[in-house]
Structures are given as C-alpha cells and as structure tokens.
Number of protein chains: 2
Amino acid sequence: MNRQELIKQIKTKKSFLCVGLDPDLDKMPESLHGDIFEFNKQIIDSTARYCVAYKPNLAFYEAHGLKGYEAYEKTVEYIKDNYPEIFIIADAKRGDIGNTSRMYAKSFFEIQDVDAVTVAPYMGKDSVAPFLEFDGHWVVVLALTSNPGSHDFQTKTIQDSPTDAKCQLFEKVLSTVSSWGTDENIMFVVGATQGSLFADVRKVVPTNFLLVPGVGAQGGSLEEVAKYGLIPDCGLLVNSSRGIIHASKNDDFAKVAQEKAKELQEQMCEILRQANII
Amino acid sequence: MNRQELIKQIKTKKSFLCVGLDPDLDKMPESLHGDIFEFNKQIIDSTARYCVAYKPNLAFYEAHGLKGYEAYEKTVEYIKDNYPEIFIIADAKRGDIGNTSRMYAKSFFEIQDVDAVTVAPYMGKDSVAPFLEFDGHWVVVLALTSNPGSHDFQTKTIQDSPTDAKCQLFEKVLSTVSSWGTDENIMFVVGATQGSLFADVRKVVPTNFLLVPGVGAQGGSLEEVAKYGLIPDCGLLVNSSRGIIHASKNDDFAKVAQEKAKELQEQMCEILRQANII
C-alpha cells in the first residue's frame, strides 16, 4: 500500500489507529481454548471499521512454535481476504547482515505480502536496504522506543568529531536512515511515552510517518502525541494492543475491544478535525 | 550448558568452531529437492566431531514459512537427541520491550531449549534482561558486527557529558550490557572483519565469550581473531556458515563440509596448543 492509499483510508475512517494483535493466552476467555486465530478473527471483525492498520507482534505467535506460526499466517490471510484496505505491519524487529535481511524482506513482502515490517537499526545500512527494494512496501525502523530501556543507548549523546553538532543516538538514526529511502517507504517507531523528545523527532523527520506504540497500557497520551507528531497529511499511526484486545477477559472480549477501538477512533476524529485534515 | 561444560568440550574436541546452519536452497544439491532438514542432518553428522556449536540463523528457515519453521525445529531436536554435548545458538537477533522479550526467552529457552539466543541491544536493558533469568542459558548480544553497515552506528563516538570519557557505541554496549549479567550468561557478537577494533573489545570485556562471525566468505582471518580475542580459557566461538555448508553444491556437499570443518578445527587445535590452553 502506498502513502496516498494509506492517507485516503485515514481520511475515510477518520482514524489513525493501529490495533496491535498481540494475543496473550492468559488473557483470552477460556471458551476459546487457546485458539489464537479465532481470537484474532473476532477482534478483527469487531475493530476493522475503526482502525487503519493491524500490527501482529511475531513474538506472541513464535512463542507457541509451529501452531503459533500457523495462527499468524492465517491471521494475515484473513485480513487480506476480508479487509484488503487495511495496512498490515509485521512487528518482527528484524535486522541482519545484507544477504540475510534480503531473505527476511522476501519472506515478508513476497511470500506473506504484508505492507510493512519493523526493523532494528543497529546493524546499519545493509541490514535495512533490502527491505526498500519492494514497491508499495515499507520498513518501519526503531528510533525512540516506548520502553524504559530506550534510555540505555537511544538517548546517548553522539559527537563524531569536535566540529560536528552533538545529537542523540535516535536523532542520528533518524537522519541517517531517512537518507536511505523516502517518506514513501520508511516510517519510524517513536514511543508515546517519550513526551517532549517527540518534538525533537519531528525536527529531523518532518514528513515521515511515525508508528507510535505506548498509548494506553504503557501510559502515553494521545493528545501529546498528536501535539508533537501530527503533520498536514496526518503522518501518524498510533498503536494500542493490550488496551483494546485484552480489555475484557470474558466472552464479551470482542464487543469490549470494539468499544475501546471506537473510543480511540472518536478522539482521533476530533484531532483530525481540529487540524483541518478532515 | 554452563561455561565449564562449554570449555570442557572445546578442550576435548580441540576446537572452538561454530558451524552456521544457514541453508540456502539455491546452493543445495538438486537431489535433495529442497529438503532443508535432510541437508542439515547430513551436514551435522559429518561435522559434529569438529565443532562445539551449531548456529541456525532463523531467517533462513522463516523465509520458507511454516515448512521452514518445521525444518528448524526438527534440526534443533536432531542435534539435542544425537549430539547433546553441542552448544546450540538460535541466531534470531531478537529484542523487544520487556513483556515481549519475556515471551521470546520462554520460547527459546523453555520450549525449544536451545543454549543461547542472539539479541540486538538497541532497545536497552528490559529487552535483554528476560533472557538472563534462565540458568545454563546465554544471551549473545550484538556489539560490533561483521557487515559494512556496522560503521553506520556501532563505531560512532559517544560522549554523554564533557567530563565523561569518549567511547564508541559498541564499547558503550559492551560495558553497559556486561554489567547486566555475568560472563557465565552473556556473550557478545564481534565480527572477524573488524581487525584492530577487536583489541578494543577485549579491553572492555576481558572475560566474556565472543561469538565471531565473518571468517571465510566475509573475509575475516582466524589468526587475527585469535591474536586479539583469545583468553586463558579460550573465550571464543568462531563461526563459519557458507564456507562450510555450501562449499560444494553437489552430492558430495557433506563430505566437502567435513573437510572444510576439519581444516578449521586443525588450525584451531594449533592455536589452542600455542596458547597452552590444551
């Protein structure tokens, strides 16, 4: 899916919500007997009208071996067959040397045919570039994540020579990685929990889409994200996982998920209106 | 497997060779009809006496979807059943926020029960710590990788305050990550292609095991790695993948792999003798 199509969907649905499909067996109703695909199917059917993207986190599937992997594949197929307008992000956080990243890119973009994959930047250009060779597909690079450990390395000060301007590692990642592609094929992960650092991100990448986790369970605020991150064509995908899919552990989980998604969509609609995007 | 057992195996086999199980369908003999597990089985049976570790890179399995994942699981099972003394490293380069890394750790260490997993450091402590909670299991953290892109970020100069000593990002990763665990549960990836930077690594982590890719196809030299990296109880696992498993594309691939592994083992035996480790 290209940028234009993504923006069109955002304007049609009046939403920039991404629902994180991170199913936790311990938080699923007992009546489903641990059937991950059935859980996802019900979540998808009840939330698809309120969101523009789904983001399955591979860890939650791989943790269950073959059975989990199969549930992941069926979930991707189900979304593509029934909601082809929705953007699919495989949250895999991959990143390897060139020839290996090429295999991952082929697997995600040719075989599974998802729209985007999350990638870690630590190994540099040859680990990211293979993902940029597929038209209409995106790489979503970790820049400033939402977790406490984000301050261990990402916010350290970089200065390569005494004449260079100082910057933080995440700013170096943003400026370097954005030069490898365009705002039509590179997005960045920026956590909703980072407060005013969010404004620093927009200074370096004024036009790239940002994928924003950390609203809800992790404590980030949608208003603050919009204040610092919104650009004239939106440029934001805000993700909520647990706060939607596991809002209820009972048989009404899909209905409650729908209410939670609708709530966020309504807040997003208001934000888009105030910014004259819709 | 704990450090003592690993070192015992190194001394018994007179080898610190890790064979990378990265099967590429295009480089396998046609007679195998793309049967990855059968290919691995023959490679393992012919190289097990010359190596102390196997390192399947998950990308080469995940690229083939469910079928590939199944071949990976069967390969791990086969090694554990037939060569229980051999150290298994799942080369997965994972790394996610705390609750997600916990799922990965459980999957690799409880369900698959491999000895070690490679992890990317960019997301910080909560992305690595969950892997350190399993006795006799190891996390192998990317520090200075073997690929060209390693210089995009890993060798950038960090200086957090004017009074702090300057260091490179990979040195910051080594010093910070090594403080989260011990040399009994943390190893680091350091590429064989990094020449004299290797000496800088040993200044920061004098006792941790290093997993060293890049010898062979990528151009690194075993002698140089040993010169800078060897410590009194060895402290090195040197990996070769393509240079062994795809040395021949014909039906003699297992025999040729054996010769290549034996060659490296003999060089390693000589290095261990000269250093009075055996």
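Two strands are taken as paired if DSSP finds at least two bridges between them, and helices (H or I, at least four residues) and strands (E, at least two) are DSSP runs numbered from the N terminus. In the predicted model, 8 strands of chain A close into a barrel in the order 1-2-3-4-5-8-9-10, with parallel pairing. The twist from one strand to the next averages 30 degrees; axes are lines fitted to C-alpha atoms, for helices over the stretch in contact, and angles run from 0 to 180 degrees between N-to-C directions. The model is predicted, so that local features need pLDDT of at least 70 and side-chain atom pairs count only at pLDDT 80 or more, whereas totals for chains, interfaces and linings use all residues. Residues are numbered from 1 along each chain as its sequence is written, chains are lettered from A and ligands numbered from 1 in the order in which they are written, and side-chain values use heavy atoms, with hydrogens and water left out.

Helix 10 (residues 222-229) of chain A lies across strand 9 and strand 10 of chain A, at about 160 degrees to strand 10.

Chain B can be laid on chain A with an RMSD of 0.0 Å by a turn of 180 degrees and a shift of 0.0 Å along the axis, the superposition being by least squares on the C-alpha atoms of residues with pLDDT of at least 70 in both copies. The two copies are thus related as by a two-fold rotation axis. In chain B, the C-alpha nearest the axis belongs to B:Ile158, 2.3 Å from it.

At the interface, 54 residues of chain B are in contact with 55 residues of chain A. The buried area (accessible area, 1.4 Å probe, lost on putting the two parts together and summed over both) is about 5000 Å², of which carbon and sulfur atoms give 61%. Between the chains there are 4 salt bridges, defined by a side-chain nitrogen of Lys or Arg within 4 Å of a carboxyl oxygen of Asp or Glu. A:Arg94 forms a salt bridge with B:Glu62, with the closest N and O atoms 3.1 Å apart.

Conventions:
Contact = heavy atoms within 4.5 Å.
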